[in-house]
Protein chains: 2
Amino acid sequence: MTIQGTGTARPAGRPRSEKAEKAIIEATLDLIAEGMGVSELSIEAIASRAGVGKTTIYRRWSNKEDLVVDALATLKAPLPPLAGVSVRDDLITLLDAMRAESGNRRGRCVMNIAMSEADRHPRLLERFVERAVEPRRRALREVLERGVATGELRPDLDVTLAMAILSGTMMWQSKWGPAGDLPEDLAERVVDVVLAGMAPPAP
Amino acid sequence: MTIQGTGTARPAGRPRSEKAEKAIIEATLDLIAEGMGVSELSIEAIASRAGVGKTTIYRRWSNKEDLVVDALATLKAPLPPLAGVSVRDDLITLLDAMRAESGNRRGRCVMNIAMSEADRHPRLLERFVERAVEPRRRALREVLERGVATGELRPDLDVTLAMAILSGTMMWQSKWGPAGDLPEDLAERVVDVVLAGMAPPAP
DNA sequence: AATTTACGAAACGGGACCGTTGCGTATCGG
DNA sequence: CCGATACGCAACGGTCCCGTTTCGTAAATT
């Protein structure tokens, strides 16, 4: 029994190629980021894009959904660190992270999956919510609840509704806002309008 | 030459069945409302659902996109009448119409198309924006601009941003809000929070 | 009645993918 | 070197859908 450094026995024969594995994942993410729906993704297209035989894919994943789930799992979700000083600053930090992500491939993957594949792929949706949605939701809720506690926000604020307002606004901008990148000060403007309200200050 | 009452010459032979035409459109809308993407829609599925031969479809539309465009065109977009008294009331009326639509078939069609098929079907998207998006966008903008003019809203309000906040919030609720119907007072609560802002009133 | 067109159903050849298998080659442990 | 496993590639039979054609029937005009 040959013991590897990791303690796992190394099976005989040629080891699986990490390069191929990465290429498969990358090809999958690329196709999703380009707007290909999960239902339209074909193993053959992924294999071709990755420069890999179909066999190499089927040897690792038994079906398309498993592959997509694993591919999405590789998308790190680096939540920005929050200064924790003012609620306004933390909200801007969170919303600006959303803005920045709408421009890169990871963000496009997340957005496309969230938008279109929500139904009809329950396992995928579950994994996706767990990795991409929940962490942000939690962070946002904590900032808002802290604001209510410290008096920076109205004591009667409906935190859940506030989350919908902030997230929904950024999502709307990503999807139907101006073409190309979103303006750099977008997050700040959104937070300021939502904090201050649209009505004029009482006289 | 036989002239019909409408003034159009009636061609010889059996006339096309209006019933079949309606059934085709209905089947198409049903499938879209159920979450079927335009790319996955198949003529055969529509024909089967409509109880119609494929021939009957191809005789009327030369391709799937034309059919979907016509089907979407039958979705009336009844903008609610606006009282025009207070900006708050008009905003609630508009947002509540969005809320109500998220529950019916028409609304689900609009939402699904907007979410997933935005890219890759430019003609469809164009028609869709023209019929479903623009009228609402215009109405919302007019209410907000009137509010700025009358002083009911802050004079420095970014109207475009305000539109994104209001629309995005409702869209977010439709897509990721509580399962089932949205609460009846949702529109009112959204408008009040957005009008007043989340920060506490200045002392 | 004769003609013309539409109808639903079925079948066609063609193409895209499916998931599997066989092939010759490459890369590992022993 | 040898056995074992992975690799890319090509081919397979199968399914779904395409867009077209054919067929027998139905519904209109003349």
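I am working with a predicted model, where local features need pLDDT of at least 70, side-chain atom pairs count only at pLDDT 80 or more, and totals for chains, interfaces and linings use all residues. Residues are numbered from 1 along each chain as its sequence is written, while chains are lettered from A and ligands numbered from 1 in the order in which they are written.

**Where the chains meet.** I noted 36 residues of chain A in contact with 36 residues of chain B (contact: C-beta atoms, placed from the backbone, within 7 Å). Helix 8 (159–176) of chain A is among the helices that each supply at least two residues to this side; helices here are DSSP runs of H or I with at least four residues, numbered from the N terminus. Helix 8 of chain A gives the largest share, 10 residues. I sorted the side of chain A that touches chain B into 19 nonpolar, 11 polar and six charged residues (nonpolar: Ala, Val, Leu, Ile, Met, Phe, Trp, Tyr, Cys and Pro; charged: Asp, Glu, Lys and Arg; polar: the others, Gly among them).

**DNA strand C.** I counted 27 residues around DNA strand C, with A:Arg14, B:Gly13, B:Arg14, B:Gly53 and B:Thr56 the closest; a residue is near the strand if its C-beta atom, placed from the backbone, lies within 6 Å of it. Helix 3 of chain B gives the most to this surface, four residues. The surface near DNA strand C divides into nine nonpolar, 10 polar and eight charged residues.

**Cores.** The largest nonpolar core has 48 residues, and A:Leu95 and B:Leu95 have the most contacts inside it. Such a core is a set of buried Ala, Val, Leu, Ile, Met, Phe, Trp, Tyr and Cys residues joined through C-beta atoms within 7 Å (buried: 20 or more other C-beta atoms within 10 Å of its own, with C-beta atoms placed from the backbone). I then checked A:Leu95: leaving out residues up to four places away in sequence, A:Leu95 touches A:Leu166, A:Met170, A:Ala187, A:Val190 and A:Val191. A second, separate core has 42 residues, including A:Ile46 and B:Leu67.

Notes: Two residues are in contact if their C-beta atoms, placed from the backbone, lie within 7 Å. A residue is buried if 20 or more other C-beta atoms lie within 10 Å of its own, exposed if 12 or fewer, and partly exposed in between; C-beta atoms are placed from the backbone.
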